[in-house]
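Subject: Structure handover

Hello,

Here is the structure I said I would pass on. My notes on the sheet, the cores and the charged side chains follow below.

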Amino acid sequence: IPRSARYNGAVAMTLDWTGGDLAEAPEPTDDDQRFRSRWTVKRTDGSEATYEVSDRRGRVPDSAEINIAEDRRLGWHAMWRTALTTIDELRWPVITIDLLAHPELIPGFLGIRIGSRIQVTNPKDQLPGISIDLIVEGIKQSFTRYKWVVDLACSPASVWQVGTWGTSRYSA
């Protein structure tokens, strides 16, 4: 899915935690696994640009070489990558669903692909009143004659929720 198609994506599937849709309780992870506060982006056979934000976790650099037509967009790419990797939220690495126990989830699951947005509603008491908003980054299925279990590798969706400009005009 191209980056532009991920912004403000519709929720492809909603799972109810307390309603029993999950095969096992997901374990959130509060870590810095993906944290990068400084990105240097280089264009193949071109120049490079660096963007950095100051953060309490210190400077963690990373770099990438990308294939774009012009050097002038490198700064934007470095800024975007920094925004993508400085989100300070819980990670939900695995959401597990048992589709044989809940066949009503199969139609929704069949519409899921890498980059799809899912939500887990009604979390346990530790997270009252919120929905866990996620992007699917990987799908692993295990099935036999008596089992169909799906593990969804996920990351926070908030980085992909962005403001949009309207087309209506203000008139006084």
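Two strands are taken to pair if DSSP finds at least two bridges between them. With four bridges joining β6 to β7, these two strands count as paired, and they run antiparallel. Please bear in mind throughout that the model is predicted.

The sheet

The sheet is open and has five strands, in the order β1-β6-β7-β8-β5, with mixed pairing. Its edges are β1 and β5; each has a single partner strand, so one side of each has no neighbour in the sheet. From one strand to the next, the twist averages 40 degrees.

The nonpolar cores

The largest nonpolar core consists of 22 residues, and those with the most contacts inside it are Met13, Ile95, Leu99, Phe109, Ile118 and Leu152. Two or more residues each come from β1 (11-16), β5 (94-98), α3 (106-110), β6 (117-121), β7 and β8. The largest share is that of β8, with four residues.

Ile118 is worth a look in the viewer. Beyond its neighbours within four places in sequence, Ile118 is in contact with Val11, Met13, Ile112, Ile132, Asp133, Leu134, Val136, Leu152 and Cys154. Met13 and Leu152 in that list are also, like Ile118 itself, among the core residues with the most contacts.

There is also a second, separate core of seven residues, which includes Trp39, Val41, Ala49 and Ala78.

Arg38 lies in strand β2, which covers residues 38-43. Is Arg38 buried, partly exposed or exposed? Its relative accessibility is 25%, so Arg38 counts as partly exposed. Setting aside residues up to four places away in sequence, Arg38 touches Thr50, Tyr51, Glu52, Arg59, Val60, Pro61 and Asp62. The C-alpha atoms of Arg38 and Ser63 are 8.2 Å apart, although 25 residues separate them along the chain.

Of the contacts of Arg38, the one with Glu52 includes a polar contact of 2.9 Å between the two side chains. Glu52 in turn forms a salt bridge with Arg59, where the closest N and O atoms are 2.8 Å apart. Glu52 is partly exposed because its relative accessible area is 32%, whereas Arg59 is exposed at 54%.

Other salt bridges

How many salt bridges does the structure hold? The count is eight. Besides the one between Glu52 and Arg59, I would point to two others.

Arg72 forms a salt bridge with Glu70, with the closest N and O atoms 2.6 Å apart. Arg72 counts as exposed, at 69% relative accessibility, and Glu70 as partly exposed, at 33%.

Lys140 and Asp151 meet through their side chains in a salt bridge of 3.9 Å, N to O. This pair links distant parts of the chain: Lys140 is in strand β7 (residues 132-144) and Asp151 is in strand β8 (residues 147-156), eleven residues apart. Asp151 has a relative accessible area of 21% and is therefore partly exposed.

Some of the bridges share partners, and in this way Arg38, Glu52 and Arg59 are joined into one network.

Regards

Notes
Residues numbered from 1 in each chain as written. Predicted model: local features only at pLDDT ≥ 70, side-chain atom pairs only at ≥ 80, totals over all residues. Heavy atoms only, no water. Buried < 20%, exposed > 50% of the residue type's maximum accessible area, 1.4 Å probe, protein only. Contact = heavy atoms within 4.5 Å. Polar contact = N/O pair within 3.5 Å; in protein donor to acceptor, adjacent residues only side chain to side chain. Salt bridge = Lys/Arg side-chain N within 4 Å of Asp/Glu carboxyl O. Core = buried A, V, L, I, M, F, W, Y, C linked by side-chain atoms within 4.5 Å. Axes fitted to C-alpha atoms, helices over the stretch in contact; angles between N-to-C directions.
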